[in-house]
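Subject: Structure handover and notes

Hello,

Here is the structure for your files. My notes follow below it.

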Amino acid sequence: MEDTKTVSILLLGDPGCGKSTLLCRLSQGQHAPKGSAPLPKLHDFDQPFIFDISMYNRPYRFEFYDTSCPENYTLLQPDFVILCFDVTDRKSLINVPQVWRKDVTRHYKKDGDDPPLIMLGLKRDARVEEEGVIYPQEGYRIAQEMRCDRYAECSAVTGELVSEVFEDIARTAAKTTTDAGGLTQGGCMLM
């Protein structure tokens, strides 16, 4: 039996953008309640949030860390970073390149390279068609400008696109355990 590969994954983003809710949804797995059923509360002392999966005929352990405990997250050395923002909050989108992306460069470079990055728009269910709304195309453009490997959106509350986002996270995370690493060869893919 092969050794389990462990991948540490850090979720960065403004407080209240939906990171913890996403982890709550993921903790429910395939049995997550649909719609607006309440999700369990996760606590900082429960970190890392561990997911054991099998992919590509190999076992993997994904250790997710949330930045809700700001004094500790800069001490981590994640293999992979997810830059999160609230699609209903322009300030949280602005902070992705101005705050969180800069933190990645400042704290998490390995051998001169940033870790693989996914930019993730959360609270997709709350998007309202009005002036100033953040459309996926705008998020995708910013992800490209920051040289993220992927861009995706989902709603942790309703579960919309969460499975697809987790699959994309899992594929990218699994690649970090290979010699080639999880970085894409240029460009950003839209999920």
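First a term: buried means under 20% relative accessible area, exposed means over 50%, and partly exposed lies in between (1.4 Å probe, protein chains only). This is a predicted model, in which local features need pLDDT of at least 70, side-chain atom pairs count only at pLDDT 80 or more, and totals for chains, interfaces and linings use all residues. Residues are numbered from 1 along each chain as its sequence is written, and side-chain values use heavy atoms, with hydrogens and water left out.

Cysteines

Cys-24 is buried, at a relative accessible area of 8%. Cys-154 is buried too, at 0%. How many disulfides does a search of the whole structure find? The count is 0, where a disulfide is a pair of cysteine sulfur atoms within 2.5 Å. For Cys-154, the closest cysteine sulfur belongs to Cys-84 and lies 8.4 Å away, so the two are too far apart for a bond.

Cores

A nonpolar core here is a set of buried Ala, Val, Leu, Ile, Met, Phe, Trp, Tyr and Cys residues joined through side-chain atoms within 4.5 Å. The largest one has 29 residues. Those with the most contacts inside it are Ile-9, Leu-22, Phe-62, Phe-64, Ile-82 and Leu-120. Helices (H or I, at least four residues) and strands (E, at least two) are DSSP runs, numbered from the N terminus. Strands S1 (5-12), S2 (49-55), S3 (58-66), S4 (80-86) and S5 (117-122) each give two or more residues to this core, as do helices H1 (19-27) and H5 (162-175). H5 supplies the largest share, 7 residues. Another core, of 21 residues, lies apart from it; among its members are Leu-12, Val-87, Ala-143 and Met-146.

Helix H1

The buried residues of H1 are Lys-19, Leu-22, Leu-23, Cys-24, Arg-25 and Leu-26. They pack against S1, S2, S3, S4, S5 and H5. Contact means heavy atoms within 4.5 Å. Leaving out residues up to four places away in sequence, Leu-22 touches Leu-11, Leu-120, Leu-122, Cys-154, Ala-156 and Val-162.

Helix H4

H4 covers residues 136-145, and its Gly-139, Ile-142 and Ala-143 are buried. Seen down the helix axis, the buried residues fall within an arc of 105°, so they line one face of H4. That arc is taken over the directions from the axis to the C-beta atoms. Gln-137 and Glu-145 are exposed on the other side. The buried residues of H4 pack against helix H3 (90-107), S5 and strand S6 (150-153).

Two strands pair if DSSP finds at least two bridges between them. S1 and S3 are parallel, with 7 bridges. Lys-5 stands opposite Tyr-60 in S3. S2 and S3 run antiparallel and are also joined by 7 bridges. Phe-49 has Phe-64 as its bridge partner in S3. The hairpin of S2 and S3 has 2 residues between the strands, and Tyr-56 there takes a positive phi near 55°.

Arg-61 sits in S3. Its relative accessibility is 29%, so Arg-61 counts as partly exposed. The side chains of Arg-61 and Asp-52 are joined by a polar contact of 2.7 Å. Such a contact is a pair of N or O atoms within 3.5 Å; within protein, one must be able to donate a hydrogen and the other to accept it, and residues adjacent in sequence count only if both atoms are side-chain atoms.

Best wishes
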